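Please read the numbered points with the sequence and the model open.

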Amino acid sequence: MDVPRTLGPFLRRQFTAPATALAALLILGALTLFYGIVPFFHHNFSVAEWAWDAWNPKNDYEHARLIPLAILFLVWRARKPLAACPLRPAALGLIPVVFGILCFIAAVRTLQPRVALFGLPFVLFGGVLYLWGWPAARKVAFPFALIFFTIPVPGLTQATNGLQLLASKVAYTLSSVLGADVVQSGNNLASSSDAWGFNVSEGCSGIRSLMALTLVAAVYGYLTQKKLWKGLVLFAASVPIAIIANALRVTTIILIAESGHPELAGGIYHDWSGFLFFPLGLAGLILLDKALNPTGIIVRKQTTRAGGQKGDESLVSDH
């Protein structure tokens, strides 16, 4: 089978078979109708309307509104590799499609749109697998998996007590080492002279930066790492990196307050310091990437030159 050079001929060839074209149209039409139009859920929302409404600062999910754009970008970025994929339709693709449909039915019966959103990646991946085959399905598996990051976890903010306490303990320890006279009581941090006092609330637990950084780490690892285990290491490391960055942020708030500026620490600096320390988490991922993929390593490799002489070393890059 010839390998198409562009997506246009690729798609046209795929849809020359009437049954395949009909199946593709049915899948796309069903997704548009049931996920985007029909109001099955609360407040007469469709799945898409419910998700957009749930992606709000109150749920710490406002970053999810950018994920559909990221998915489209990653699929667009893979357009040339997709065009080079041979057509090998696989009937096994119907299995994830059916599973996704069952998730949607369960969501409607239980009024749980999260379950419908959970089933969407299976429908998309299974549809590509059924119509195009494994080579194409592998190219879009990761972009479709990002949909899981858009599913709001119920009660997430209320479940951050552990992160709050951890941030409080680390900030207390670091600020004490740096000379601040601080008293800790649970999630409360205060000056021993009662000049100021702060409570590390749910919003200061670092859950927002944690969720955002794990998403960035997943995409960064996918785009930069040639080996799966390295991408998984980056993704796993994003959790402690985000926690450390947030603890440092809380520490700086304490130090600014202890220096005689509690209004600044608890006001404008508190509100904007998250934008200062999130790049610190990104820097941590980049440094880890450099550690996983050292460059400029001198490897001694002997080569035979004219006259029987042996050569010396060469510079190679291991990524």
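1. Helices (H or I, at least four residues) and strands (E, at least two) are DSSP runs, numbered from the N terminus. Under this naming, Ser191 has its place in strand E2. The model is predicted: local features need pLDDT of at least 70 and side-chain atom pairs count only at pLDDT 80 or more, while totals for chains, interfaces and linings use all residues. Residues are numbered from 1 along each chain as its sequence is written, and side-chain values use heavy atoms, with hydrogens and water left out.

2. The sheet is taken next. Three strands form an open sheet in the order E1-E2-E3, with antiparallel pairing; two strands pair if DSSP finds at least two bridges between them. E1 and strand E3 (197-199) are the edge strands, each pairing on one side only. From one strand to the next, the twist averages 15°.

3. Strand E1 (residues 182-185) is joined to strand E2 (residues 188-191) by four bridges in the antiparallel sense. Val183 has Ala190 of E2 as its bridge partner. Two residues separate E1 from E2 in a hairpin, and Gly186 in the turn has a positive phi of about 65°.

4. Is Ser191 buried or exposed? Ser191 is buried, with a relative accessible area of 4%; buried means under 20% relative accessible area, exposed over 50%, and partly exposed in between (1.4 Å probe, protein chains only). Leaving aside residues up to four places away in sequence, Ser191 touches Asp181, Trp196 and Glu258, where contact means heavy atoms within 4.5 Å.

5. Helix H9 (residues 161-177) lies across E1 and E2 and runs at about 160° to E1. H11 lies across E1, E2 and E3, at about 25° to E2. Axes are lines fitted to C-alpha atoms, for helices over the stretch in contact, and angles run from 0 to 180 degrees between N-to-C directions.

6. H10 and H11 pack with their axes 8 Å apart and at an angle of about 160°. H10 is therefore roughly antiparallel to H11: angles under 35 degrees count as roughly parallel, over 145 as roughly antiparallel, 65 to 115 as roughly perpendicular and the rest as oblique. Residues of H10 that meet H11 include Leu210, Thr214 and Gly221, and those on the H11 side include Leu234, Phe235 and Ile241.

7. H10 also packs against H13, at an angle of about 30° with the axes 11 Å apart. H10 and H13 are therefore roughly parallel to each other. Among the residues making this contact are Ala212, Val216 and Tyr220 of H10, together with Phe278, Leu282 and Ile286 of H13.

8. Finally, the largest nonpolar core has 37 residues, of which Tyr35, Val47, Ala116, Leu117 and Leu146 touch the most other members. Such a core is a set of buried Ala, Val, Leu, Ile, Met, Phe, Trp, Tyr and Cys residues joined through side-chain atoms within 4.5 Å. Elements giving two or more residues to this core include helix H2 (18-36), helix H7 (113-131) and helix H13 (268-292). H10 gives the most, with seven residues. Leu117 touches several residues, including Tyr35, Val47, Trp50 and Ile151, not counting residues up to four places away in sequence.
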